[in-house]
Amino acid sequence: MAFPRRLLNDDEEVVCDLVPHWSTLTRPVAAVVFVFAVTIAGAVVNRWAGAGLAVVLVVIGAWAGVRVLRRQCTNFVVTTDRLVYRTGVLAKHGKEIPLERVNDIAFHQTIFERLIGTGDLSIESAGAQSRETFGDIPHPAAVQNEIYRQMEACTARHAVGAHAVASPPMSVPEQLERLDDLRRRGIITPAEFEAKKQQLLDRL
């Protein structure tokens, strides 16, 4: 299930929206296949045994269905501003880490996890007592690199915003001087210069 766009802040965009790796469904699927095979075999040998195993199959199938639904309702999201982890089918639980508070990112993969493309992502943020570890992340090395890229972009945006705030607006005489320079260089016509000049003088 995709991360709800209504939860995004102004000018925030989703970069990655990930669900847990498909390997988390290996056990539920294997359990359903095994019980289904045993049920068929039991029905051939004994009708009553087959009926009992069919009940077990329904229970295992329901359990597997819940696992699938839980996976689809779990999101690890990288946006242009933060990291978001949400889980839960009906009752939702979530964690958020602003990108500017992320201190360190590490990933861990066993040999088998490298082969199938999954692993754990460990994130340390400013003010946190310990690392937050998120398991079953698809291609964690690529996700780590993408988070670093978004951190750099976020830092650059904040630096530009701080510079814009620090720069005071130009005064009317300064704007008039700039307009006159544009007129002398032929970028604006004398008529445009007079019109803009009058607009600025009207503000005084």
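Predicted model: local features only at pLDDT ≥ 70, side-chain atom pairs only at ≥ 80, totals over all residues.
Colleague: Let's turn to T24. Where is T24 found?

Modeller: T24 is in the loop between β1 (14–18) and α1 (26–45).

Colleague: And why is T24 called buried?

Modeller: The relative accessible area of T24 is 18%. Buried means under 20%, so T24 is buried.

Colleague: Which residues does T24 touch, not counting those up to four places away in sequence?

Modeller: Those are R67, R71 and D136.

Colleague: What makes the pairing of T24 with H21 a close one to look at, in terms of distance?

Modeller: A polar atom of the T24 side chain lies 2.9 Å from the backbone oxygen of H21.

Colleague: Nice. Now E13: why is E13 called exposed?

Modeller: Its relative accessible area is 53%. Exposed means over 50%, so E13 is exposed. You will find E13 in the segment before β1.

Colleague: Which residues is E13 in contact with, leaving aside neighbours within four places in sequence?

Modeller: E13 is in contact with T79 and T80. As for R82, it is 69 residues from E13 in sequence, and the C-alpha atoms of the two are 9.9 Å apart.

Colleague: Back to the whole chain: how many of its residues are buried, as a percentage?

Modeller: Buried residues make up 29% of the 204 residues.

Notes:
Residues numbered from 1 in each chain as written. Heavy atoms only, no water. Buried < 20%, exposed > 50% of the residue type's maximum accessible area, 1.4 Å probe, protein only. Helix = DSSP H or I, 4+ residues; strand = E, 2+ residues; numbered from the N terminus. Polar contact = N/O pair within 3.5 Å; in protein donor to acceptor, adjacent residues only side chain to side chain. Contact = heavy atoms within 4.5 Å.
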